[in-house]
Amino acid sequence: MSSSFIISLLVGTLRTSIPIILAALGQVYVHKSGTLDLSVEGTMIFSCLMSFIAAALTKSLTFALIIGGVSGLCYSFIMAHLTVNLKSNQVISGTALTMLATGLSSYLYRVVFGIRSLPPIIENFKPINFGFLTKIPFIGPILFNHNFTFYFMLLLVIITWFIMDKTSYGLKIKAVGEFPRAADSKGIEVNKIRFQSILIGGLYSGFAGASMSLGYMNTYTDQMIAGRGFIAIAVVVFARWLPIRVLFAALLFGFANTLQMRLQSIGVAVPIQLLQALPYILTVVVLLGVSKYVKFPSYFTQAYSRDKK
Amino acid sequence: MNAIEMRSITKRFGSLIANNNIDFTLKKQSIHALLGENGAGKTTLMNQLFGLSIADEGSILVEGKPFKLEHSPQDSMKKGISMVHQHFMLIKNMSVCENIMLANEDENFPLLNPKQTKERIIQLSKKYHLGVDPNSIIDHISVGQQQRVEILAALYKETKTLILDEPTAVLTPEEVEDLFLILKELKRNGKSIIIITHHLNEIMDIADEVSVLRNGDLIGSTPINEKTSTKELSRLMVGRDVNFNFKKEKTNSIEKVLEIKNLSYKKEHVKLLDNINFNIKKGEIFVIAGVDGNGQKELCETIVGLNKCENGSIFLNQKDITKTNVNHRIKNGISYIPQDRQKSGLVMNWSISDNLILKTYERSPISNKFFVSTKEAQNQATRMIKKFNIKSQDNNDRANQLSGGNQQKVILAREMDRGPALLIASHPTRGLDVGAMEYVRNQMLELRNKGGSVLLISADLEEVFQIADRIAVIFKGKLMGILQPNCGVAKIGRLMAGLDEEEINE
Amino acid sequence: MNKFKNILPPILSIILAFAVGAIILLLSNFNPIESYKSLFNGAFGSAYGFSETLVKMIPILTIALGTSVAFKAQLWNIGGNGQYTLGCISTLIVCVYLPAPMWLKLVIALLLSILVGMIFGGLLGLAKAKLNANEVITTLMFDYIIALFLSFLVYGPLMDPDGHNFPQSKLIEKEVLFDKLMVGTRLHSGLFLALFLVILLFFFWKTKEGFRIKMIGANPNVAKLSGISVNLQIMLTMGISCAFAAIAGYIDVLGIHGRLQDNIAGTLGSVAIVVALLGNLNPIGIIFSAFFFSALTVGGQCMQRFMGVPYSLVTIIQALVIVFVVASKIIVEKRSKK
């Protein structure tokens with residue numbers, strides 16, 4: 001295996017992991033506050049389309065990225081309202097919202113772009129030129145040859161870690177998912193925090209979806225997200241909800257995805273479909289290995305109301 | 001000027017009058033006990049002072065100034081009123097420091113300020129002899145220590161009035177003494193304290209004044225001195241001469257219904273049961289006394305069949321059942337009333353009849369080979385409702401529509417209707433009113449007099465001494481001794497605190 | 001009176017969902033009335049349309065029955081697609097490659113489908129019971145994995161040698177396939193098997209095992225104390241649930257497909273979830289909602305062909321129905337707690 005293959009593998013891993021990391025980081029807030037949000041996939045699909053439309057119409061990638069985040073935030077309002085205010089079953093709500101987003105995005109895409117044989121293309125984020133840094137052997141191409149979304153993702157890793165670990169807001173989120181009644185008695189508005197956490201998760205999922213159409217690819221197709229939202233959920237559990245670990249846990253999946261693409265292009269004796277199934281198989285394996293040993297927030301998936309006794 | 005004055009407080013829940021025109025005055029620098037049995041309205045009254053609920057009528061004065069009825073716990077804390085609840089409001093997997101930072105947003109916004117917080121915690125802990133380490137994780141400290149963390153949290157907020165809800169319920173007699181020392185220290189430092197309790201003897205030790213509530217009414221308030229009689233207070237509390245005088249015939253049975261040998265149980269490397277040995281004879285009420293969380297739950301669940309113990313054996317009527325499953329043990333006469341009736345005793349949103357047949361649905365007459373007969377289930381349910389005097393309008397009422405006492409009766413009916421060989425009852429009277437308590441204890445005695453056996457888990461020493469034939473004490477998963485009821489409270493107390501150990505010769 | 005209360009929320013949800021759909025149509029310059037007319041006509045306007053509605057109803061109904069069993073136990077099996085595909089594959093392999101008389105093929109294929117479904121579900125149930133692996137994600141991941149496996153089969157080992165390199169398998173012999181019920185339509189006798197399964201499930205809930213499954217869903221702690229082996233029940237419930245979906249695959253291969261092809265499951269799995277929830281996890285309710293949703297599916301295709309309305313509008317309406325059902329449950333609960 002030549003060093004250029006390894007470099008290309010590592011670069012690809014980092015690139016592929018970006019959407020998963022972004023979505024998983026958002027779920028740190030959501031899970032810690034006590035909600036299982038299965039609409040991540042749907043939110044990603046929706047914001048992926050919305051940011052793509054924004055980019056196609058305005059040609060401004062920054063604006064499109066913001067639109068991505070905002071549309072994710074807006075879409076997650078529904079999940080927040082259903083599960084926090086109406087206290088409905090989290091699994092059913094999340095699944096329904098993913099279904100809704102799938103249909104809605106597919107519909108909107110056709111209405112906006114019409115029926116085409118080839119999907120429309122935009123100018124997507126290009127790798128940033130870091131000058132001499134890129135020329136450093138090995139490290140250079142791996143770390144300094146990415147587009148904006150990669151560095152944006154790194155920034156969010158640090159921001160998420162900081163908020164969860166060093167601020168009172170982060171402490172409140174953890175309290176709310178661990179023992180909502182105690183948090184309530186200390187004057188913390190439990191449901192408000194849960195609501196906000198879901199919105200934050202939606203914002204991150206929005207960025208994740210946008211990064212798919214604006215950074216990873218330069219187009220939009222119906223099946224683009226392909227389960228990454230659910231993989232993100234497995235990643236955040238695997239990472240025990242710690243932002244830095246999320247980064248590394250997601251790399252595992254990015255690696256699986258990139259590996260199968262590189263192996264496909266080389267032409268190995270393994271059937272293509274098995275390679276394509278690698279990320280999903282990996283997700284199952286990870287869940288099987290880890291779920292028994294991680295400590296979920298005690299009130300995970302349970303709605304809270306003050307007069308519940 | 002008084003610390004707190006509550007005047008003509010009335011609170012209704014639907015047609016139930018929980019507090020009826022109650023006057024309550026807390027003098028400055030005093031300890032005032034609020035006495036009453038379960039359901040009398042004490043916690044309701046204090047919840048309204050603290051802001052967890054809002055009074056319908058009346059007025060409240062804090063240090064002479066009016067305090068509007070509609071206020072939140074935050075408002076109360078700003079006025080210097082704090083409350084330590086029965087179930088501690090502490091996040092188990094966080095440290096003491098983190099828990100306190102959570103409650104003190106002002107100094108921790110937007111960034112957490114652990115350094116400052118820890119300094120102040122250590123300061124307060126020294127001043128009031130609380131012995132609290134700001135870095136310790138709540139899960140790893142004892143219940144008594146957790147209570148002190150709660151008190152420290154209140155002091156951290158510069159509380160002037162401290163309300164304690166049943167503070168001694170979770171403590172050993174030794175820990176109760178420690179608590180009272182702390183309370184006296186607080187009093188010396190100018191704090192005013194309200195203790196909600198139904199334990200008469202403790203009031204005599206610590207309170208300056210007592211107010212008695214019964215069925216939502218204030219029966220009276222009186223200062224505590226040498227002349228105060230517990231008998232009189234008890235009568236005021238219950239409204240009649242409390243005579244838990246249960247007919248107990250002497251039992252001479254030697255036949256063992258249950259035998260536990262060298263039972264040990266570990267979970268996540270923590271030894272929860274440590275070499276337990278005891279037996280229960282036929283026609284006996286065997287009580288295991290001890291503070292919550294010393295292995296009682298694990299012991300019950302092991303005997304019932306939920307846990308597999310790695311060492312030891314269990315014999316039911318001389319047959320080895322150590323390796324058998326729950327179903328087998330149910331069929332062979334073990335019944336279980338779990339401690340947490342809403343979580344493990346009933347399916348709350350199922351009907352009463354479905355709850356009653358939970359353990360008998362598999363057999364005739366309710367089932368034939370494959371099918372469960374709804375009609376037969378209803379017949380059985382109607383019969384049991386009548387037999388055990390469960391108050392409900394309809395068999396198909398859901399369990400969550402019943403009162404606590406009636407819910408317990410449903411569980412009791414289900415577990416006792418089969419005429420079990422061994423009834424395991426874990427804190428069966430907790431949270432019930434006196435009438436229901438008497439009923440449950442009578443049922444257990446009836447079973448015993450008929451030749452059945454009861455393994456009773458209780459933390460209520462009054463109850464223990466009332467009906468036990470023999471008393472065992474459990475501490476940190478070990479049996480500290482098996483004694484006769486005439487051994488006295490002090491002895492039991494020492495065993496409960498792990499300060500003594502008796503040789504167990506069976 | 002109680003029954004009426006049960007039906008009202010679902011019906012209102014459907015009406016609301018259609019209303020929102022109409023707004024979406026208006027906003028995208030479609031005429032809602034014409035579009036819905038086309039939808040309705042597609043499903044009911046002709047004998048063929050009606051027969052198609054029934055044809056589509058068969059797998060949706062069958063999978064939904066399985067979904068309802070799992071949901072009743074609070075096991076969120078949403079991988080109907082993958083399990084349906086497993087049934088298709090099992091059936092095809094037996095019917096094409098097993099040398100046996102026709103009737104025997106039919107029997108063995110059915111048994112194999114059930115077995116594969118039960119083992120698959122049992123393993124996922126085991127993963128949940130012993131390893132706490134979230135079944136929502138595992139069943140969904142397997143949707144992708146099994147779909148890729150199917151793709152592998154029809155592009156590879158099972159590809160029809162006379163199929164001009166199309167991703168499809170050999171065709172099953174005509175005599176093995178189910179009889180057509182109506183000439184000139186795709187409606188087949190598999191319908192009776194599906195209806196039989198409804199009756200089977202109806203009586204299943206009255207059995208001891210049904211009682212046990214309900215208890216697990218309602219309160220696993222109480223179930224344990226009642227002597228039920230919760231782990232075993234989880235495996236059994238998941239097994240039964242997956243078996244139903246696999247049977248749906250069996251029926252469809254012999255009823256309409258006749259062979260394996262890429263993406264054979266389409267969106268059946270997600271529709272089944274909607275159907276099960278709308279039918280309140282009750283077999284009788286499920287028949288009605290399955291009929292309704294398959295009408296939507298069939299009508300939607302017509303609507304797309306004739307009015308140019310993208311089929312995804314139907315997906316939107318289906319998802320909205322659940323959202324409204326879920327939202328309305330709280331309102332109903334609040335009223336009843338009084």
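The model is predicted.

Strand β1 (residues 4–13) and strand β4 (residues 57–62) of chain B are joined by 5 bridges in the antiparallel sense. Within chain B, B:I4 stands opposite B:V62 of β4(B).

A further open sheet of chain B has 6 strands, in the order β6-β7-β8-β3-β9-β10. Its pairing is mixed. Strands β6 (81–84) and β10 (217–223) of chain B each have a single partner strand, so one side of each is left without a neighbour in the sheet. Neighbouring strands here are turned by 15 degrees against each other on average, direction ignored. Strand β3 (residues 31–35) and strand β8 (residues 192–197) of chain B run parallel and share 5 bridges. B:H32 has B:I194 of β8(B) as its bridge partner.

Helix α1(B) also packs on this sheet. There α1(B) touches β3, β6, β7 (161–165), β8 and β9 (209–214) of chain B. The direction of α1(B) makes about 150 degrees with that of β7(B). Helix α6 (residues 173–188) of chain B packs on the sheet too, touching β3, β7 and β8 of chain B. The direction of α6(B) makes about 150 degrees with that of β8(B).

Chain B also meets chain A. In this interface, 17 residues of chain B are in contact with 14 residues of chain A. On the chain B side, α2 (73–78) and α3 (96–103) are the elements that give two or more residues. The largest share, 4 residues, comes from α3(B). The chain B side divides into 11 nonpolar, 3 polar and 3 charged residues.

The largest nonpolar core holds 365 residues. A:V235, A:V246, C:I60 and C:V275 touch the most other members. Helix α10 (residues 230–257) of chain C gives the most to this core, with 16 residues. Leaving aside neighbours within four places in sequence, C:V275 is in contact with C:I60, C:A64, C:I286, C:S289, C:A290 and C:F293.

Definitions and conventions
Residues are numbered from 1 along each chain as its sequence is written. Chains are lettered from A and ligands numbered from 1 in the order in which they are written. This is a predicted model: local features need pLDDT of at least 70, side-chain atom pairs count only at pLDDT 80 or more; totals for chains, interfaces and linings use all residues. A nonpolar core is a set of buried Ala, Val, Leu, Ile, Met, Phe, Trp, Tyr and Cys residues joined through C-beta atoms within 7 Å. A residue is buried if 20 or more other C-beta atoms lie within 10 Å of its own, exposed if 12 or fewer, and partly exposed in between; C-beta atoms are placed from the backbone. Two residues are in contact if their C-beta atoms, placed from the backbone, lie within 7 Å. Ala, Val, Leu, Ile, Met, Phe, Trp, Tyr, Cys and Pro count as nonpolar, Asp, Glu, Lys and Arg as charged, and the others, Gly among them, as polar. Two strands pair if DSSP finds at least two bridges between them. Axes are lines fitted to C-alpha atoms, for helices over the stretch in contact, and angles run from 0 to 180 degrees between N-to-C directions.
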